[in-house]
Amino acid sequence: MKIIIVGCGKVGATLAVQLCRDGHDVTVLDRNPLAIRSVSSVYDVLGMEGDGSSYSTLKDAGIETADLLIAVTDSDEKNLLCCLIGQKAGNVKTVARIRDPIYNSEISFFQKNFGLSMVINPELSAAQEMGRIFRFPSAISIDTFSKGRVELLTFVLSKTSVLVGKPLTYIHSKLKSDVLVAVVRRGNTVTIPSGNFVLEAEDTVSVIIGKGLANEFFKKIDVKANPIQNVMIGGGGRVGVYLAKRLISEGIGVKIIERDHARCEELSELLPRAQIIHGDAADEELLLEEGIQEVDGFASMTDIDEQNIMMSLFAKQNSNVKAKLVTKITHIGFDDVIESLDLGSIINPKDTTAAYILQFVRSMEASEGSNMENLYRLAGDEVEAMEFHIKEKCRATGVPLLKLNLKKNTLIGKIYRGGKLFTPTGQDTMEVGDHVILVTLAKNKFQDLDDILEA
């Protein structure tokens, strides 16, 4: 596809690189020549200096023949204007990043009247992801398929789990759990395992499971599954507010520590059911006074990454109940180093935004016969978990799975059919109307269901 990206900040640059790798024709527009050069000099991306809210600039970038326009500048209004011009100038789908909370209640209006294909709020999306994580304290990340009916949970296997030293067949034969282990990461090795694969302590495991069944499964394998009762949030910015609203709606107690007095007054009005503390969340004595030792969850949400890291490390060191940690990291690189610090679940709103947009783009690519509806990248982007909705017959339908010549390192994980979710056996088939969830090595780059088969 021919894709134009307006805005070459962290999100725009991430999108440009990944979409280029996926084989798309990518043009990036930005007023900053250094930002353009940093991407176009390394990757096969056309960089253009200019204002994306200008019709003549978009025309020069090829808007009249483009398939998709993605507007991710720092200005909500400019993003909306870019998309509106794109709609008028060409037959193009549009995606806009909208951050200001004032627009949240007007998203449907924008989509309808501006013809937007997708609107994404980075802070809100990050908070939603954090909210899912707090539902399952043992999970590092949680993604969903089939409109929330199926969940993909990633967690670290503790030394005390009954699964340590057991083959995956143990889950079905002894625990009687309809859970599929899709991916296992052990050190630097990523595996899409077979039933004979033996799990070890400290493995990072991704499982596919029906909604509502995770707590029961975690209890069976001796992994902490107790729901979070209270969360302390360090920082009362946008992400913190969105997260607090979500937690409060689920009956979870929330305490926010914010250093700016005026902001504390705003928070008191926005969140009347939350406890607002005026103070510095990086103050060790204050955190101890406010009971960080006993909270079930702690979220580091300030605008300073280094401060968030230190707060999470302090919470981990002083927690008497092994609190679930969520750490917001926005700017710092050194991903491997950050991951080694054991900061709990690390959330980057910009990365979350890029991931959602990439998921939308991949779904656009899919053929009309077997539409890809969801895509998630796991294990450092080495593995992809995806969902196909089969709308018409193809080579992969109607044939028992054991007779399909699947590409190497590809696993059919779950099938959702007629309101029921099941783990398929070799005798099962994929049929028209099914939602099929599979995992594969990222290098396979499936776009259509038939791509899972060898030529």
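Leaving aside its neighbours within four places in sequence, with which residues is Val254 in contact?

1. Basis of the note. This is a predicted model, in which local features need pLDDT of at least 70, side-chain atom pairs count only at pLDDT 80 or more, and totals for chains, interfaces and linings use all residues. Residues are numbered from 1 along each chain as its sequence is written, and side-chain values use heavy atoms, with hydrogens and water left out.

2. Val254. Apart from neighbours within four places in sequence, Val254 is in contact with Val231, Ile233, Ala244, Leu247, Ile248, Ala274 and Gln275; contact means heavy atoms within 4.5 Å.

3. The nonpolar cores. A nonpolar core is a set of buried Ala, Val, Leu, Ile, Met, Phe, Trp, Tyr and Cys residues joined through side-chain atoms within 4.5 Å, and buried means under 20% relative accessible area (exposed is over 50%, partly exposed in between; 1.4 Å probe, protein chains only). The largest such core has 27 residues, and Val254 is among those with the most contacts inside it, as are Met130 and Phe134. At least two residues of this core come from each of α6 (122-135), β12 (230-234), α9 (238-249), β13 (253-258) and α10 (261-270). Helix α9 gives the most, with seven residues. A second, separate core of 26 residues includes Val11, Ile36, Ile357 and Leu358.

4. The sheet. Helices (H or I, at least four residues) and strands (E, at least two) are DSSP runs, numbered from the N terminus; two strands pair if DSSP finds at least two bridges between them. Six strands form an open sheet with parallel pairing, in the order β3-β2-β1-β4-β5-β6. Because β3 (46-49) and β6 (118-120) stand at the edges with a single partner strand each, one side of each is left without a neighbour in the sheet. Strands β4 (residues 68-71) and β5 (residues 93-97) pair over four bridges, and Leu69 has Thr94 in β5 as its bridge partner.

5. Helix α2. Helix α2 (residues 33-40) lies across β2 and β3. Its residues Ala35, Ile36 and Val39 are buried.

6. Ser177. This residue is found in the loop between α7 (169-173) and β9 (180-186). Ser177 is buried, with a relative accessible area of 9%. Leaving aside neighbours within four places in sequence, Ser177 is in contact with Ile171, His172, Phe217 and Lys220.

Methods. Axes fitted to C-alpha atoms, helices over the stretch in contact; angles between N-to-C directions.
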